[in-house]
Structure formats: structure tokens, C-alpha cells
Amino acid sequence: MKKTILIVDDEPTILKLLEFVLSKDYSVVLKNNGYEAIQWLEESNKPDLIILDINMPYFNGPEFLKSIKISGLFSKIPVIVLTGTSDTKALESQLPFPVNEIFQKPFNPTKLKDAVRYLLFEHPKVTASEN
């Protein structure tokens with residue numbers, strides 16, 4: 001069974017690019033904003049990884065990140081952030097919770113795909129005793 005990746009971005013070209021790059025190996029779910037993504041999660045869906053744009057209308061990236069990280073059900077899901085800002089270190093310090101990776105747009109699709117593979121298959125899993 002394919003792993004599921006939730007992609008949340010308000011730019012249709014980014015959604016299409018990521019769908020093209022990742023859909024061969026993964027089940028990909030595309031949402032235009034954090035509000036749609038939260039609705040999808042509340043319908044008993046649980047992705048294996050989330051790719052999240054920071055700057056979006058209607059429930060932006062930091063708001064969405066905070067809501068999933070404070071939830072017990074979604075808090076351990078790895079998150080890759082996409083951003084248009086060039087200062088990723090400053091962005092990292094402004095996020096309400098740590099994320100696994102930050103990619104600056106425009107990003108290299110091969111590097112993003114490698115990061116996805118690493119987080120889904122090679123990243124050490126958190127055991128129940130570490131919660």
C-alpha cells in the first residue's frame with residue numbers, strides 16, 4: 001500500500017508539479033489551503049507526510065502547523081515546509097513548532113523527492129516510550 005502525502009499549497013502550479021513528481025510512488029492528496037486540509041484530516045484521514053506552504057489565504061501554514069502539532073493524532077506526522085522567503089533560518093525561528101525540512105521556492109524536485117523518501121522510509125521512527 002502506498003504511503004499518503006498531504007500537499008497544502010495555494011499555488012496550482014506547485015500542486016501540479018508536486019503531484020507529477022510524487023504520485024508515481026505515493027498516494028497524493030492536494031488541498032488549496034489549511035482550512036481544506038484540516039477538513040480532510042477531520043474526516044478520519046491521516047497522511048504519512050505533509051508538505052505545507054507557509055503563505056496561504058484562509059488558515060495559513062503556521063496556523064495549520066500549530067493545529068496539527070497540538071493534536072495528539074497528527075503531532076508525529078513529518079512536515080516539509082515550502083516558502084518563498086530566502087531567509088529560511090529566520091522563518092524556522094518564527095514557526096510555532098519545529099518542522100523536518102524547509103525548501104525555498106523555487107525548489108529542486110529531485111531534492112524534495114529525496115527528502116520525502118528519507119522522512120518516510122529512512123528517518124528513525126519515534127517509539128511509544130519517547131512520547
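**Note on a predicted protein model**

1. Tyr58 counts as exposed because its relative accessible area is 62% (buried is under 20%, exposed over 50%, partly exposed in between; 1.4 Å probe, protein chains only). Tyr58 belongs to the loop that joins strand 3 to helix 3, the latter covering residues 61-69 (helices are DSSP runs of H or I with at least four residues, strands runs of E with at least two, numbered from the N terminus). The phi angle of Tyr58 is near 50°, a positive value in a residue that is not glycine.

2. The model is predicted: local features require pLDDT of at least 70 and side-chain atom pairs pLDDT 80 or more, while totals for chains, interfaces and linings use all residues. Numbering starts from 1 along each chain as its sequence is written, and side-chain values rest on heavy atoms, without hydrogens or water.

3. The protein chain is built from 5 helices and 5 strands. Read from the N terminus, its elements follow the order β-α-β-α-β-α-β-α-β-α. The C-alpha trace spans about 40 × 35 × 30 Å along its principal axes.

4. The radius of gyration of the protein chain is 14 Å, and this agrees with the value near 14 Å for a compact globule of 131 residues (taken over C-alpha atoms; the globule rule is 2.2 Å times the number of residues to the power 0.38). Of the 131 residues, 41% are buried. Among contacts (heavy atoms within 4.5 Å) between residues at least 6 apart in sequence, 58% join residues at least 24 apart.

5. A second residue with a positive phi deserves a remark. Ser44 is not a glycine, yet its phi is about 65°. Ser44 sits in the loop between helix 2 (residues 34-42) and strand 3. With 72% relative accessibility, Ser44 counts as exposed.

6. Where does Asp53 lie? Asp53 is part of strand 3, which runs over residues 49-53. Its relative accessibility is 2%, so Asp53 counts as buried. When neighbours within four places in sequence are set aside, the contacts of Asp53 are Val8, Asp9, Asp10, Gly61, Leu82 and Lys105.

7. Lys105 is located in the loop between strand 5 and helix 5. Lys105 is buried because its relative accessible area is 13%. Outside four places in sequence, Lys105 touches Asp9, Glu11, Ile14, Asp53, Leu82, Thr83 and Gly84. The C-alpha atoms of Lys105 and Thr85 are 7.7 Å apart, although 20 residues separate the two along the chain.

8. The peptide bond that leads from Lys105 to Pro106 is cis, with omega near -5°. Pro106 falls in the loop between strand 5 (101-104) and helix 5 (109-122).

9. Ile102 belongs to strand 5. Leaving out neighbours within four places in sequence, Ile102 is in contact with Val81, Thr83, Thr88, Leu91, Glu92 and Leu95. One of these, Thr83, is 19 residues from Ile102 in sequence, with a C-alpha to C-alpha distance of 7.4 Å.

10. Asn33 occupies the loop between strand 2 (27-31) and helix 2. Is Asn33 buried or exposed? Asn33 is buried, since its relative accessible area is 7%. A polar atom of the Asn33 side chain lies 3.0 Å from the backbone nitrogen of Tyr35. Not counting residues up to four places away in sequence, Asn33 touches Val8, Met56, Pro57 and Tyr58.

Conventions: Polar contact = N/O pair within 3.5 Å; in protein donor to acceptor, adjacent residues only side chain to side chain.
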